[in-house]
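Thanks for coming, everyone. Let me put the model up on the screen, and then I'll walk you through it.

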Amino acid sequence: MKRTIALLVAALALAMGGAAHAKSMTLCRAKPEVLALGTTLPISRKAIAERKLLRIIALGSSTTAGYGVSNPAFAYPTQLRIGLEKALPGIDIEVINRGIGGQDVEEMAARMRSEMEDNPPSLVIWQTGTNAAIRHMPLDKFDKTLRGGLKLGTSLGADFILMNLQYVPAVVAVADKEAYEKVMAGAARDYSAGLFRRYDIMRGWYDDGMPYAQFVQLDGLHLNDFGQKCIGKLLTRSILDALTGP
């Protein structure tokens, strides 16, 4: 496994060569059907209508923390706040970043209550799955832990969106990566949570001819500036569609 990842990272480094990272956000794209969350975010809608407030907690690992970006403002939670503020004038938007690098689903589920009780949100974006896949967490354990976190979190009165795995070399090398995707999709469905299909979105970039160097750092795992900003932009679109749709 380690050898496979090392080879993929080496290939990525070679592919990058001396080319500069393309920065244009015109390349940030996804098909509308992939961006559909599968939820109307009823609690968030109510908070906006009654209190003119949307408080979001971004719970996750290094991606949420913004590991490796050249400017903290490029991390997807900050990009999400900026996008929502622009789209929802008159609404107080708070995005509280609770990303801790290296954490897995168990550690995040364990701090779910304290994070939500300290700053009761209307919406929680739970970014997970990548570390579980590359560390080969047993699927039944991943499923049980994820569902336990969703059960607790939804009982505390918030909408949830699960953000699934990244399509990056370190994940592509995992043989059963799609199984973790299926676990997350099933849990989202059973707990009426949204599913932000990050894996399919990023795979779409790659399949359309975008090189890994456009959106992944040299380690073959973490998103670069473009990747973070684009995920923030597309997540903003998904949330707005859910809030304003029928």
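I'll start with the sheet, then go through the core, a couple of loops and the aromatic rings.

Some ground rules before that. What you see is a predicted model, where local features need pLDDT of at least 70 and side-chain atom pairs count only at pLDDT 80 or more, while totals for chains, interfaces and linings use all residues. Residues are numbered from 1 along each chain as its sequence is written, and side-chain values use heavy atoms, with hydrogens and water left out.

Okay, the sheet. Helices (H or I, at least four residues) and strands (E, at least two) are DSSP runs, numbered from the N terminus, and two strands pair if DSSP finds at least two bridges between them.

Now look at S3, residues 123-127. Are its residues buried or exposed? Five of its five residues are buried, where buried means under 20% relative accessible area, exposed means over 50%, and partly exposed is in between, using a 1.4 Å probe and protein chains only. Leu123, Ile125 and Gln127 are covered on one side, Val124 and Trp126 on the other. S3 runs parallel to S1, residues 53-60, with four bridges joining them, and it pairs in the parallel sense with S4, residues 159-163, over five bridges. Take Trp126 as a landmark: Leu59 stands opposite it, and its bridge partner in S4 is Leu162.

On to the core. A nonpolar core is a set of buried Ala, Val, Leu, Ile, Met, Phe, Trp, Tyr and Cys residues joined through side-chain atoms within 4.5 Å. In the largest one, with 71 residues, Ile125, Trp126, Phe196 and Ile239 touch the most other members. Helix H14, residues 225-244, gives the most to this core, with nine residues. Contact, by the way, means heavy atoms within 4.5 Å. Leaving aside neighbours within four places in sequence, the contacts of Ile125 include Ile56, Leu59, Tyr76, Leu80, Ile161 and Ile239.

Next, two loop residues. Most residues other than glycine have a negative phi. Leu41 isn't a glycine, yet its phi is positive, about 50 degrees. You'll find Leu41 in the loop between helix H2 (32-35) and helix H3 (42-51), and it's buried, at 0% relative accessible area. Ser192 also has a positive phi, near 55 degrees. Ser192 is in the loop between helix H11 (177-190) and strand S5 (194-196), but this one counts as exposed, at 60%. In that loop you'll also see Ala193, which is buried at 6%.

Last stop, the rings. How many aromatic pairs does the structure hold? There are eight. Rings of Phe, Tyr and Trp (its six-membered ring) pair if their centres lie within 6.5 Å; planes under 30 degrees apart count as stacked, over 60 as edge-to-face and the rest as tilted. Tyr167 and Tyr206 make a tilted pair, 5.9 Å centre to centre with 45 degrees between the planes. Tyr167 is in the loop between S4 and helix H10 (169-172) and Tyr206 is in helix H12, so the pair ties together parts 39 residues apart in sequence. Tyr167 is buried, at 10%, whereas Tyr206 is partly exposed, at 35%. Then there's Trp205 with Phe215: centres 5.1 Å apart, planes at 70 degrees, so that pair is edge-to-face. Both Trp205 and Phe215 are buried.

One more ring before I stop: Lys229 lies over the face of Phe74, 4.6 Å from the ring centre. A charge sits over a ring if NZ of Lys or CZ of Arg is within 6 Å of the ring centre and within 35 degrees of the ring normal.
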